Amino acid sequence: MNLRPDPTFYPTAQMAMSAPVETFAYTLMLSPDGSRPDGLAVVNVDPASGDFGKVVHTVMMPNTGDEFHHFGWNACSSALSPLTGHAFLQRRYLIIPGIRSSRIYVIDTWPSPAEAKIHKIIEPEELFAKTGYSRPHTIHCGPEGIYVSTLGGGGPDGTDGPPGIFIMDCETFEIRGRWEIDRGPQDKHYDFWWNLPRDYMVSSEWGLPPQFENGLVPEDLLSNKYGHAIHFWDLRGRRHLQTIDLGENHQMALEIRPAHDPIKEHGFCGVVVDTTNLEGSIWTWWREGGKFHAKKTVAIPPQPAAADDLPPLLKGFEAVPPLITDIDLSLDDRFIYVSCWGTGEMHQYDVSDPMAPRLAGKVEVGGIVKKTPHPNGQPFGYGPQMVEISRDGKRVYWTNSLYSTWDDQFYPGERGAAMVKADVGLDGGLTLDEKFWVAFPEGYRAHQIRLEGGDCSTDSFCYPNV
Amino acid sequence: MGGDWATAGLWLAVAASGLYHGLSPGMGWPLAVSAGLMGGGRGELLRALGPLALGHFIAMLAILLPFTLLVTLIRWEWEIRAAAALMLVGAGLVLLFWRRHPRALARIAPHRLAFWSFAVAMAHGAGLMLLPAYLGLCGLDLDAADHAALGTLMRTSLPLALLVAVLHTAAMIAAGGTVAVLVHAWLGLGFLRRSWLNLDAVWAASLVLVGGISLYLIGPRPL
């Protein structure tokens with residue numbers, strides 16, 4: 001029990017930016033063929049340490065076939081909400097769902113990240129019985145505890161009923177049940193986030209389990225059957241308010257990134273691919289006059305390529321799509337980082353004017369065609385994928401794997417795990433750090449990264465910047 | 001003379017518990033700060049204090065009013081006071097041992113300040129804290145009065161309950177409002193991180209303690 005709020009909780013995003021610099025990162029490791037257990041790697045990210053860039057500890061799970069993807073904390077700055085009156089939670093447990101097995105692990109990072117261990121395992125049957133949902137994905141800590149989005153409904157292939165969000169207790173990790181009271185027309189799910197004092201939630205759509213578990217289904221993509229809408233919800237009322245259809249050609253609306261300063265009523269969403277021209281896009285959504293609106297504010301074109309350089313899936317197009325698979329917004333709401341997993345580029349946009357993003361920096365590494373090596377000479381397999389920004393906005397970390405079966409379709413053959421770091425210039429600009437190169441155990445791929453003490457895609461702030 | 005001092009002490013307890021509630025971040029002053037920051041500045045902050053006070057006031061009355069009727073049952077004065085004291089001890093014990101994330105409070109929308117303030121005061125048993133003082137004041141008044149008819153008792157107990165709730169709420173909102181203005185204008189939100197002490201256990205223990213003391217003071221049942 002804490003006598004004071006956890007020192008890693010901050011009332012405002014601005015205050016979190018001046019938090020102590022991270023010294024550890026947590027990175028999920030995936031055994032792509034499910035032959036070995038998935039795990040959590042603890043990476044030393046302190047440049048002053050002799051272990052800088054090394055995996056200093058791993059927690060391996062007792063099962064195989066979980067498929068780790070995203071994860072999150074049991075508690076964050078949202079505990080300082082003036083409404084909950086429960087500020088004394090600890091940022092201590094990592095909640096790691098297996099999106100293939102529907103099993104959920106709770107990892108205890110106390111007393112030190114290097115001693116992280118399994119605290120609790122929630123078996124898939126319990127999740128099915130208590131929620132009717134399957135394939136848990138995004139984790140956020142908020143007013144009612146831990147919110148978890150799922151990608152599947154009931155039944156063996158997860159199509160018996162729509163997927164949705166469920167609530168877990170943030171101290172006992174008991175599954176409390178479904179979050180939605182009225183889901184409106186929402187029938188697919190992916191990411192979600194919110195604005196706590198303004199009391200709304202935004203969610204997005206990937207596709208149903210048969211559309212991703214055994215690989216991307218080209219016929220479904222070309223007939224625009226993946227998700228292409230974002231949904232807006234009354235957060236405390238648990239009710240659907242509004243759907244914005246981005247247009248059926250905008251396939252796979254994934255990451256939702258609201259401005260961190262809750263006084264701002266806008267945010268962003270990344271769309272993987274436009275089936276009419278292979279572009280990737282960033283959309284800005286905002287609330288005005290009581291209604292939500294969305295507009296495409298960045299379009300990233302595909303790059304021409306010889307059919308011989310392309311995997312079977314893309315040969316017919318003679319171009320490589322950027323494939324925007326992850327985006328992340330710095331805590332000052334100034335820069336958005338965009339992973340172009342297909343072309344092998346990390347873009348940095350200045351979104352000081354959210355309606356007119358400006359390209360401020362770019363790094364090329366990996367890529368289906370370019371296969372740009374890291375500046376240290378090492379080959380970088382796949383492309384930039386899950387991206388995480390330090391609280392102060394000065395360092396950006398990313399890994400390279402998207403999802404086991406999709407990796408194999410776009411990048412046939414085993415390409416290895418990578419986690420790299422780039423430094424951000426004072427006024428934008430992005431440079432890869434030659435000295436930071438993480439060696440993961442052989443045969444594993446690397447997914448989402450979480451930073452010790454919080455990062456730019458975990459914490460929700462209850463007070464505006466001053 | 002002794003009666004006067006006791007009366008003053010009881011009124012002091014009513015006001016002091018109000019100050020305590022007001023200073024506690026869990027009872028709402030951070031919401032007033034938030035209103036000021038999210039909206040139009042200090043005006044918005046001060047306007048938020050109204051519904052916060054109203055909700056707290058109603059929560060106090062919700063506990064006191066049933067007892068204004070009960071005190072008319074003068075024959076059972078001892079039982080009533082003992083029951084009130086036991087309720088206090090019970091609520092304290094529940095809060096001591098049942099420590100869970102307050103999900104019900106988390107369901108209240110941020111703009112429903114009065115309802116939120118009412119619910120949070122009820123959830124913490126804040127009104128129970130006033131009961132011994134209130135019943136004490138009733139008892140003292142009754143001694144002074146001529147143990148008269150039901151109407152007379154009602155005429156004293158009801159205004160007394162209102163007065164207790166008003167004084168308590170005034171102290172609460174004055175303290176909370178002052179902290180909110182100070183944080184908004186000068187101290188900054190860093191104060192919230194530094195000053196928010198986990199008094200859950202202390203709060204629960206103080207309910208048990210106040211209940212215990214009043215049980216002791218009531219003494220054995222008169223024959």
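Begin with burial in chain A: of its 466 residues, 57% count as buried, a residue being buried if 20 or more other C-beta atoms lie within 10 Å of its own, exposed if 12 or fewer and partly exposed in between, with C-beta atoms placed from the backbone. This is a predicted model, in which local features need pLDDT of at least 70 and side-chain atom pairs count only at pLDDT 80 or more, while totals for chains, interfaces and linings use all residues. Residues are numbered from 1 along each chain as its sequence is written, and chains are lettered from A and ligands numbered from 1 in the order in which they are written.

With the whole of chain A still selected, note that its C-alpha trace spans about 60 × 55 × 45 Å along the principal axes. Among the contacts in chain A with a separation of 6 or more, 58% come from residues 24 or more positions apart, two residues being in contact if their C-beta atoms, placed from the backbone, lie within 7 Å. The secondary structure of chain A comes to four helices and 30 strands; helices (H or I, at least four residues) and strands (E, at least two) are DSSP runs, numbered from the N terminus.

Next, select β3, β2, β1 and β30 of chain A, which form an open sheet in that order with antiparallel pairing, where two strands pair if DSSP finds at least two bridges between them. The edges are β3 (55–60) and β30 (445–451) of chain A, each with a single partner strand, so one side of each is left without a neighbour in the sheet. Neighbouring strands of this sheet are turned by 25° against each other on average, direction ignored, the axes being lines fitted to C-alpha atoms. Within the sheet, strand β2 (residues 39–44) of chain A is joined to β3(A) by five bridges, and A:V43 has A:V55 in β3(A) as its bridge partner.

A second open sheet of four strands in chain A has the order β4-β5-β6-β7, again with antiparallel pairing. Here β4 (72–73) and β7 (117–122) of chain A stand at the edges, each with a single partner strand, so one side of each has no neighbour in the sheet. Zoom in on strand β6 (residues 104–108) of chain A, which pairs with β7(A) over five bridges; A:Y105 is bridged to A:I121 in β7(A).

Move on to strands β14 (residues 229–234) and β15 (residues 239–245) of chain A, which run antiparallel and are joined by six bridges, with A:D245 in β15(A) as the bridge partner of A:A229. The two form a hairpin with four residues between them, and in the turn A:R238 has a positive phi of about 60°.

Now turn to chain B and select helix α4 (residues 77–97) and helix α10 (residues 200–218) of chain B, which pack at an angle of about 160° with their axes 8 Å apart. That makes α4(B) roughly antiparallel to α10(B), the word used for angles over 145 degrees. Residues that make the contact include B:W78 and B:L86 of α4(B) and B:W203 and B:L215 of α10(B).

Finish at helix α6 (residues 113–123) of chain B, whose buried residues include B:W116, B:F118 and B:V120. Among the elements that cover the buried residues of α6(B) are α2 (29–38), α3 (42–70) and α5 (103–106) of chain B, and α6(B) is followed by B:G125, whose phi is positive, near 65°.

Methods: Axes are lines fitted to C-alpha atoms, for helices over the stretch in contact, and angles run from 0 to 180 degrees between N-to-C directions. Angles under 35 degrees count as roughly parallel, over 145 as roughly antiparallel, 65 to 115 as roughly perpendicular and the rest as oblique.
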